[in-house]
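Here is a brief report on one ligand site and the residues that line it. Please have the sequence and structure open as you read.

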Amino acid sequence: MLRNPAEKYRPFPAIRLNGRKWPTRTIERAPIWMSTDLRDGNQSLIEPMSIEQKTEFFEMLVQIGFKEIEVGFPSASQTDFDFVRKLIDEKRIPDDVTIEVLVQSREDLIARTFEALEGASRAIVHLYNAICPSFRKIVFGQSKEEVKALAVNGTRMIREHADACPQTHWTYQYSPETFSMAELTFAREVCDAVAQTWRPTRDHKMIVNLPATVEAAMPNVYADQIEWMDRNLAYRDSIVLSVHPHNDRGTAVAAAEMAVLAGADRVEGCLFGNGERTGNVDLVTLAMNLYTQGIDPGLDFSDIDAVRRVVERCNQLPVHPRHPYAGDLVFTAFSGSHQDAIRKGFALQQPDAIWEVPYLPIDPADLGRSYDAVIRVNSQSGKGGATYLLERGMGFTPPRRVQIEFSHAVQKVTDASGVEITGEAICSLFEREYFETKGPATMVGAGRARFEGRDVAIAAAAQIDEAHAQAVAAAFADVAEESVEITSFETARTAQGGTAVFVGARVGGQALRHGVGVADDAAQAVLAAVISAINRATWQTVDRRVAA
Ligand code: KIV
Ligand code: ZN
């Protein structure tokens with residue numbers, strides 16, 4: 001009989017942590033960032049980066065503001081070895097940036113690592129070994145003592161190599177790989193033994209990096225583990241406590257944020273969450289999440305599209321269109337009610353005020369994104385989106401009743417095509433609907449009009465207002481021998497300095513239609529609006545035009 005697959009798995013054991021502090025804390029400053037794009041990220045790529053790609057990526061990371069960059073695993077890869085040499089030999093590492101390299105606990109690998117780093121003014125040497133029960137049992141067949149000895153011996157060998165090259169400022173990093181799946185007391189025992197061997201000081205700290213190599217539990221569990229280590233590690237004040245979440249459960253960002261609440265000083269991850277399997281924690285999202293809480297992340301993503309282009313080129317992987325902050329669609333609203341709210345938010349938002357545009361957690365301009373893609377119109381959109389694009393394209397806002405009427409024309413088009421309609425196409429549709437009307441009424445010059453070939457006497461007006469529009473309509477009614485009733489009259493200034501006039505009209509008691517006229521001369525705009533309304537109200541309804 002088929003068993004329920006859920007029976008194959010065990011719940012993650014609860015962490016015993018009395019009086020946990022992290023849930024009531026807030027993040028007040030950015031952690032130290034460490035980009036491992038060129039190591040962990042690169043190791044996960046279908047095609048690892050070439051030296052040229054690594055160089056381009058490295059330079060971009062420096063530009064963004066990373067001060068610690070893991071550049072590779074030089075004892076495991078000739079490309080990484082050559083790349084580290086290139087950075088050092090060509091003096092490409094700024095004084096305030098420290099490169100980091102990964103190594104395992106073996107004398108030959110450690111020797112090769114120091115060979116790669118020779119001549120660097122500062123470097124972080126990063127040792128790791130797996131410590132959790134399943135790895136001890138399945139992968140290495142090692143006892144706890146053997147695992148600890150491996151870490152301590154590696155640390156001793158690195159200490160000896162470092163002492164032999166005092167011209168470089170060395171920082172030591174130890175990662176108990178698979179930390180989050182290990183017994184906390186054993187993780188502490190190994191880290192304490194490593195620190196005891198390295199002997200960090202407050203002035204020259206070592207880094208203890210606690211990875212969720214595979215994210216196996218909820219982020220609050222990771223936070224508990226970090227707070228427990230923060231409380232219980234020996235040499236804590238001589239240690240930079242670092243975290244390295246992976247994203248197997250899709251909660252790496254939450255895990256990193258909670259880990260910072262729990263006492264982590266430093267976060268390792270990759271841009272846009274690249275990395276083995278589901279990736280490392282996404283440093284772009286983490287940094288921008290801080291930004292929207294009023295905390296300067298110390299990383300510059302003010303041209304996110306340029307960063308994205310480099311990352312996509314080097315990783316040969318696309319960034320998802322719904323990636324927070326950087327995806328193509330994240331500053332885009334198709335839904336009508338969202339568009340309405342965004343449009344109102346934009347209209348009220350003052351340049352130096354706290355950002356308060358509904359549905360947009362961040363000002364796209366802060367990421368170098370334009371407002372162009374914010375509102376896009378398809379068959380799911382209501383009048384708000386079309387109005388916004390119309391405003392941008394035409395330079396005026398039609399009154400609500402015209403917006404509603406015009407939205408039916410847009411809806412017809414998008415329903416028929418099934419695809420998005422551009423701002424340009426919306427403006428063309430508006431022009432066809434309201435300016436290029438065909439029907440009995442025509443304009444034949446300034447202040448001159450005809451109805452079915454017969455002249456209409458348009459009297460000059462002292463004031464351009466609704467009474468003038470009524471008078472113009474009456475002149476048409478005379479010639480048409482039919483009632484022309486003006487039901488509404490509104491005006492607006494256009495962005496170009498002209499006048500837009502909007503009138504509602506009923507001809508011979510038929511359905512109400514609106515007309516729009518735009519001109520530099522207000523009287524001309526009124527005449528154009530009345531003609532537009534009469535034509536649309538007589539035979540050229542929205543429905544018929546769209547069908548045509
Ligand atoms: O995920 C991991 O555990 C690692 C270590 C080498 C830090 O990448
Ligand atoms: Zn990793």
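## The annotated site and ligand 1

His246 counts as buried, at 4% relative accessibility. The model is a predicted one. His246 sits in the loop between S7 and helix H9 (252–261). Its side chain makes a polar contact with the side chain of Asp40, at 3.3 Å. His246 also touches Ala212, Thr213, Glu276 and Asn280, among others.

His244 lies in strand S7 (residues 239–245). His244 is buried because its relative accessible area is 5%, under the 20% cut-off. Among the residues that His244 touches are Arg39, Asp40, Tyr222, Glu268 and Asn280.

An unreviewed UniProt entry lists Asp40, His244, His246 and Asn280 under "binding site". These residues are spread over 241 residues of sequence, yet they cluster in space, with a largest C-alpha distance of 10.5 Å.

| Side chain | Distance to an oxygen atom of ligand 1 |
|---|---|
| Arg39 | 3.0 Å |
| Asp40 | 3.1 Å |
| His246 | 3.0 Å |

Taken alone, ligand 1 exposes 260 Å², and the protein buries 95% of that. Helix H1 (37–43) and strands S4 (122–130), S5 (169–177) and S6 (206–212) each give two or more residues to the shell around ligand 1. The residues around the ligand include His126, Tyr128, Ser175, Glu177, Asn209 and Pro211. By class, the shell has two nonpolar, six polar and three charged residues.

Notes:
Residues numbered from 1 in each chain as written. Chains lettered and ligands numbered in written order. Predicted model: local features only at pLDDT ≥ 70, side-chain atom pairs only at ≥ 80, totals over all residues. Heavy atoms only, no water. UniProt positions renumbered as here; feature names shortened; annotations may be inferred. Helix = DSSP H or I, 4+ residues; strand = E, 2+ residues; numbered from the N terminus. Buried < 20%, exposed > 50% of the residue type's maximum accessible area, 1.4 Å probe, protein only. Contact = heavy atoms within 4.5 Å. Polar contact = N/O pair within 3.5 Å; in protein donor to acceptor, adjacent residues only side chain to side chain. Near = heavy atom within 4 Å. Areas by Shrake-Rupley, 256 points an atom, 1.4 Å probe, with all protein chains shown as cover. Nonpolar A, V, L, I, M, F, W, Y, C, P; charged D, E, K, R; others polar. Lists of a residue's contacts leave out its neighbours within four places in sequence.
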